[in-house]
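The sequence and the structure come first.

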Amino acid sequence: MGGTEHLSVERVGATLVLTLDRPEAKNALSLPMLVGLHDGWAEADEDDAIRSVVLTGAGGAFCAGMDLKALAGDGMAGEQYRARLRADPDLHWKAMLRHHRPRKPVIAAVEGHCVAGGTEILQGTDIRVAGESAVFGLYEVRRGLFPIGGSTVRLPRQIPRTHALEMLLTGRPYSAAEAERIGLIGRVVPDGTALDAALETAERVNACGPLAVEAVKASVHETADMTERDGLAAELKRGWPLFDTADAKEGARAFAEKRQPRFRRA
C-alpha cells in the first residue's frame, strides 16, 4: 500500500499496519514519518473496513525519538512535507497521538529501542506488546529538553505516579520486564515476535462488533477524568443504544446458533 518516505502502510485483513521505516536511524521521527502517521490515523478513522491499527518499527527498533539534527534545524525533508506542516501546524502533534485519539483500537508492537518520542507515542496507543529486549525511557531531561509530547500529563495517569516521576526525572532506560511490571506495557513476548503477537490481538479485536469496540474505547477515554457518578452516567448514555443495534441482535443469534457472528456495523 501507500505511506510516505520513512513510513510504510499495509493492510493485513481488517488491520492497518503502520511501520516506522527508517532503521538506519532506529526509526527516529522525521517530518515524512510524521506526515505518514497523520495520514494513517486519518485513513483508519475514515475507512469502516479497518477495525484496528498496529503500529510497529522496522529493523528491530520501534522509535528512538525525534531526529535531533532536525530539531537543531538541519532540515527534515522535501518541500511537500514542509508545506503540509505549514498548512496544519498541529500535524506533528496529531501524528504523535498527542492531540488525536483514533476511533479504532491502536496496538503497539515494540522491538528494540522505544525511547523519548517513541515512549511518548506509545502512551497514545491502547494495547502494547514488546519483545523481551525492548528498551523504554524518556531521555529528554538528560539533554536539557522537555518531553512535550504529553508525557508529563499522560504518564502519571497511566502508571503509578512515583514510577512516572522516576521515569520523567531521571531519564534512565527501562527494560521490557520493568516496563511491564510498572504497567507501561501489557505483555512481553520473545524477541522478534511482537508484531505477530500484536496481529493476533488485532484479529481478536476485529472479530468483535465494531460499533461495540469503538464505543467501549471512547467510553474508557472520555470518562477517565470524570467522577465515578458522572462516568457511570456517561457510560450508560454511550453504551445503552448499542443494545438496539442489528449487530447486537446478530451477536445474540450467533451465540444461540453456535457460530461466528457476521457484524455489519449497523
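## Lining of the largest pocket

The lining of the largest pocket is made up of 8 nonpolar, 9 polar and 8 charged residues. These values, like those that follow, come from a predicted model. In total, 25 residues line the largest pocket, and its volume is about 610 Å³.

The residues that lie nearest the centre of this pocket are Arg101, Gln123, Arg154, Gln158 and His221. Three elements, namely strand 7 (127–131), helix 6 (151–158) and helix 10 (210–222), each contribute at least two residues to the lining, and helix 6 supplies the largest share of it, with 4 residues.

Sorted by class, the lining of the largest cavity comprises 5 nonpolar and 3 charged residues, with no polar ones. Helix 10, which supplies at least two residues of the lining of the largest pocket, gives the most to the lining of the largest cavity, with 3 residues.

## Helix 6 against helix 7

Helix 6, the source of the largest share of the pocket lining, also packs against helix 7 (residues 161–170), where the two axes come within 7 Å and cross at roughly 145°. The crossing of helix 6 with helix 7 is right-handed. On the side of helix 6 the contact is made by Ser151, Thr152, Leu155 and Pro156, and on the side of helix 7 by Ala164, Met167 and Leu168. The residues of this contact fall into 5 nonpolar and 2 polar, with no charged residue among them.

## Helix 1 against helix 3

How are helix 1 and helix 3 arranged, at what angle and with their axes how far apart? Helix 1 (residues 31–46) and helix 3 (residues 79–87) pack at an angle of about 55°, and their axes lie 9 Å apart. Because of that angle, helix 1 counts as oblique to helix 3, and the crossing of the two helices is left-handed.

Helix 1 brings Leu31, Pro32, Val35, His38 and Asp39 to the contact, while helix 3 brings Tyr81, Arg82, Arg84 and Leu85. By class, this contact has 5 nonpolar, 1 polar and 3 charged residues, whereas the contact of helix 6 with helix 7 has no charged residues.

Conventions. Residues are numbered from 1 along each chain as its sequence is written. This is a predicted model: local features need pLDDT of at least 70, side-chain atom pairs count only at pLDDT 80 or more; totals for chains, interfaces and linings use all residues. Side-chain values use heavy atoms; hydrogens and water are left out. Axes are lines fitted to C-alpha atoms, for helices over the stretch in contact, and angles run from 0 to 180 degrees between N-to-C directions. Angles under 35 degrees count as roughly parallel, over 145 as roughly antiparallel, 65 to 115 as roughly perpendicular and the rest as oblique. A crossing is left-handed if the near helix is turned anticlockwise from the far one by less than a right angle, and right-handed if clockwise. Contact means heavy atoms within 4.5 Å. Ala, Val, Leu, Ile, Met, Phe, Trp, Tyr, Cys and Pro count as nonpolar, Asp, Glu, Lys and Arg as charged, and the others, Gly among them, as polar. On a 1 Å grid over the protein atoms alone, a cavity is a set of points where a 1.4 Å probe fits but cannot get out, and a pocket is an open set with protein on both sides within 12 Å along at least five of seven lines; lining residues have an atom within 4 Å of a point. Grid points are joined across faces, edges and corners, and a volume is the space filled by probe spheres set on the points.
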